[in-house]
Each structure stands twice: as C-alpha cells, then as structure tokens.
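Please keep the sequence and the 3D view open while you read.

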Amino acid sequence: MTTDHPDQEQHRDQEQHRDQDQEQHQGQQHQHQGQQQHQHQHREQPQHRHRNHVRDQHQGQDPHQHREQRRFHLPSGSAARGAYAVDIDPGRAGWDRSALRVLELGPGGVHTLVTGESEWIVLPLAGACTVRIAGETFELRGRESVFSGVSDFAYLPRDAHAQIASGAGGRFALAGAKCERRLPARYGPAPEVPVELRGSGTCSRQVNNFAAADTFDCDRLIAVEVLTPGGNWSSYPPHKHDEHVPGEECELEEIYYFEVRDGGLGYHRVSPSRDGGTDILAEVRGGDVVLIPDGWHGPSIAPPGRTLYYLNVMAGPGEERAWLIRDHPDHRWIRDTWPDEPIDARLPLYTAHPSPGPEVTP
C-alpha cells in the first residue's frame with residue numbers, strides 16, 4: 001500500500017520497491033501456476049473451489065451467479081468438517097431443518113453420534129456397520145456401493161446417543177432433519193424398500209424410496225435415492241416445492257448428494273422461481289453436494305456411459321409430512337409423453353433382495 005511522505009525521494013524509493021514486489025509476485029504466480037493465490041483471493045475463493053472458479057471465468061459467468069454457485073454447489077471436500085467428509089447442518093445451509101453428513105470409517109472405526117434436536121437415518125453407501133443405541137444393536141449389512149444394490153438402514157430418534165462401528169470400514173450417509181416428535185429407533189430392511197421406475201424413454205430413472213413420505217415413518221425427514229442411466233435426464237420436468245399451496249405444493253428444503261459410477265461428471269440445474277431466487281448450473285462429480293432452498297430444480301443429467309446417483313434429503317415446516325411438487329409450466333408437457341414410450345431397458349439397475357432380516361439384540 002502507498003502512503004504520503006514528505007520526502008519525495010523516499011516516496012519514489014517506496015514506489016520502486018512496490019513495483020519490484022509486484023514483479024516478483026507476478027513471477028511467483030507464473031512459476032507456481034495453479035497453486036494457492038494471494039491472501040485476499042484465497043479468502044474469497046477457497047482452493048477446493050478453484051475448479052469451478054476457472055470454469056466460470058472461461059464461461060464469462062457474472063459475479064452474482066458465481067456467488068450463487070459457490071453458496072449452493074459444494075464440490076467434494078468443501079463441506080468436510082471433523083469426522084465427516086460432508087457435514088451440512090441447517091445453520092451451515094442457511095435454513096431450518098434439513099441436514100446431511102457422510103461418515104467415512106476405516107477398518108475397525110467407531111464414531112459416536114449425538115442426535116440432538118434432529119432425527120437421523122444411517123444409510124450405508126459402501127460397506128457394513130453396527131449401530132448401537134439405547135441398549136439395542138442393529139447390524140446393517142449394507143452394500144458394496146450405491147450402484148450394486150438396495151441397502152438396509154437404521155432410524156435414530158432425536159435426543160439420543162448412538163455409536164456407529166464398522167469392522168471392514170466404509171462410507172455411511174446420515175440423513176437428518178430437525179424435528180419435534182421423538183419416535184422409536186428402528187431397523188429398515190432392504191427387502192421392504194420400494195424400488196420405483198419413474199418416467200420413460202430418456203427420462204427413465206430408478207428411485208429407491210427407503211424413507212419416502214408414504215413408505216417409512218419419520219417426523220419430518222424425507223429421503224430417497226435416485227439412479228439415472230447414462231445419457232438420461234432425471235429430476236425432470238423441472239419442479240419446485242418452495243411454498244405452501246394446500247393440496248398442490250409443500251415447502252421443503254432439499255439436499256442433493258451425488259456419485260458417478262466409474263468417475264466422470266454430470267450436470268444439475270436450478271432456476272429461479274421468484275425474483276432473486278436460486279440460479280445455478282452445477283457440474284457435479286462424486287461427493288459433490290447441491291443445496292436447494294428454493295427454485296425449479298432439474299434436470300439432473302447423467303453423462304453417456306456413466307450412471308448418475310444422488311441421495312435426496314428433504315424436510316419442511318408444514319404440519320403434514322408430504323412431498324407435493326409443482327412442475328415448471330413450460331416443461332410439464334413432457335409427462336404426457338411418458339405413456340407412449342417404454343421405460344429404459346437398463347432399468348431397474350437392481351432390485352431389493354430378500355435377506356434374513358435384522359439382527360437386533362436388547
């Protein structure tokens with residue numbers, strides 16, 4: 001920074017020194033291209049988001065939309081905190097209820113969860129685990145990956161302490177919602193998870209309704225898994241659930257957590273449903289999160305040759321726990337075409353398989 005000084009010669013020396021510093025700094029930037037930027041830029045643009053920053057510069061994205069992108073699209077690693085690879089709570093998301101954590105445990109790993117004011121579902125993404133709570137033990141057999149089969153799960157009530165342990169290690173989603181009622185801890189068997197085929201043609205996708213509003217009892221939490229074959233669009237037509245319209249639409253905060261089979265990328269769009277509303281086009285990879293406080297969301301686009309997975313976590317303030325949506329008026333016609341097209345022959349990717357049921361000990 002340049003300051004006034006009565007001695008002009010010293011002032012010129014300061015100017016020269018500053019110019020030298022600038023030249024040296026530019027040389028360092030050229031020599032260390034792609035490394036950490038200077039301090040102000042680092043605060044404004046964390047290093048883990050550098051991928052999006054470069055892409056936005058190339059696309060000429062305006063500053064407002066870039067801020068929206070950074071707030072609502074959280075690339076893999078950017079939402080990590082403590083023991084969690086992803087840790088989104090209502091305070092961090094800027095809303096009231098919905099939460100998501102992804103717990104990664106090494107072989108023999110043990111984690112203690114304090115549920116607080118929220119109900120939680122422990123859903124294995126990869127691997128098996130044991131969940132202990134209030135004198136009960138639930139053995140979750142889990143699965144190899146989200147692309148290999150339906151998983152069993154455990155429901156944990158608010159105001160409780162639970163322990164999650166994994167002998168072989170794995171990754172486990174904790175889908176949560178701030179709630180009022182304290183329901184009992186329960187086991188959710190994989191064979192009882194309804195597997196729904198939704199849409200048709202290139203809009204075909206598979207939905208694992210493990211904690212949909214009409215399939216598993218929670219106080220506020222709604223959670224499902226969606227698998228979209230390569231080249232297809234899901235979350236389509238674009239729809240919204242950001243206001244209360246009795247019988248037509250309910251208000252729900254939503255989290256999308258993505259994985260892509262064998263790597264690669266997909267795309268997810270959220271467009272405004274009101275002035276100043278959420279407006280992002282996210283290039284998503286495995287471990288990325290998109291937050292949807294409002295707006296028309298969809299499509300989610302799977303790249304050719306790669307299956308796209310996402311976990312949806314929702315909760316809202318309404319007295320009724322329901323998933324009521326309104327389609328975008330410019331795109332709702334697509335639903336009328338579905339009866340005339342067959343469902344993608346690649347679906348279902350898998351179905352729920354019978355198992356002996358939970359091992360529950362008092």
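Arg186 lies over the face of Tyr155, at 4.5 Å from the ring centre, and this placement, like everything below, is read from a predicted model. Tyr155 also belongs to a cluster that ring pairs build from Phe153, Tyr155, Phe210 and Phe216.

**Charge over a ring**
- Lys240 lies over the face of Trp296, with a distance of 5.6 Å from the ring centre.

**Aromatic pairs**
- A pair of aromatic rings is described by the distance of the centres and the angle of the planes.
- The count comes to 8 aromatic pairs, and one of them joins Phe147 and Tyr309 in an edge-to-face arrangement, 6.3 Å centre to centre with 75° between the planes.
- This pair links distant parts of the chain, since Phe147 sits in the loop between β6 and β7 while Tyr309 is in strand β21, 162 residues apart.
- Phe147 is buried because its relative accessible area of 10% falls under 20%, and Tyr309, at 0%, counts as buried too.
- Tyr256 and Tyr310 form a tilted pair, 4.8 Å centre to centre with 35° between the planes, and this pair links strand β16 to strand β21 across 54 residues.
- Both Tyr256 and Tyr310 are buried.

**A strand hairpin**
- Strand β11 (residues 195-198) pairs with strand β12 (residues 205-211) in the antiparallel sense over 4 bridges, and Leu197 stands opposite Gln206 in β12.
- The hairpin formed by β11 and β12 has 6 residues between the two strands, and Gly199 in the turn has a positive phi of about 80°.

Definitions and conventions. Residues are numbered from 1 along each chain as its sequence is written. This is a predicted model: local features need pLDDT of at least 70, side-chain atom pairs count only at pLDDT 80 or more; totals for chains, interfaces and linings use all residues. Side-chain values use heavy atoms; hydrogens and water are left out. Two strands pair if DSSP finds at least two bridges between them. Rings of Phe, Tyr and Trp (its six-membered ring) pair if their centres lie within 6.5 Å; planes under 30 degrees apart count as stacked, over 60 as edge-to-face and the rest as tilted. Buried means under 20% relative accessible area, exposed over 50%, partly exposed in between (1.4 Å probe, protein chains only). A charge sits over a ring if NZ of Lys or CZ of Arg is within 6 Å of the ring centre and within 35 degrees of the ring normal.
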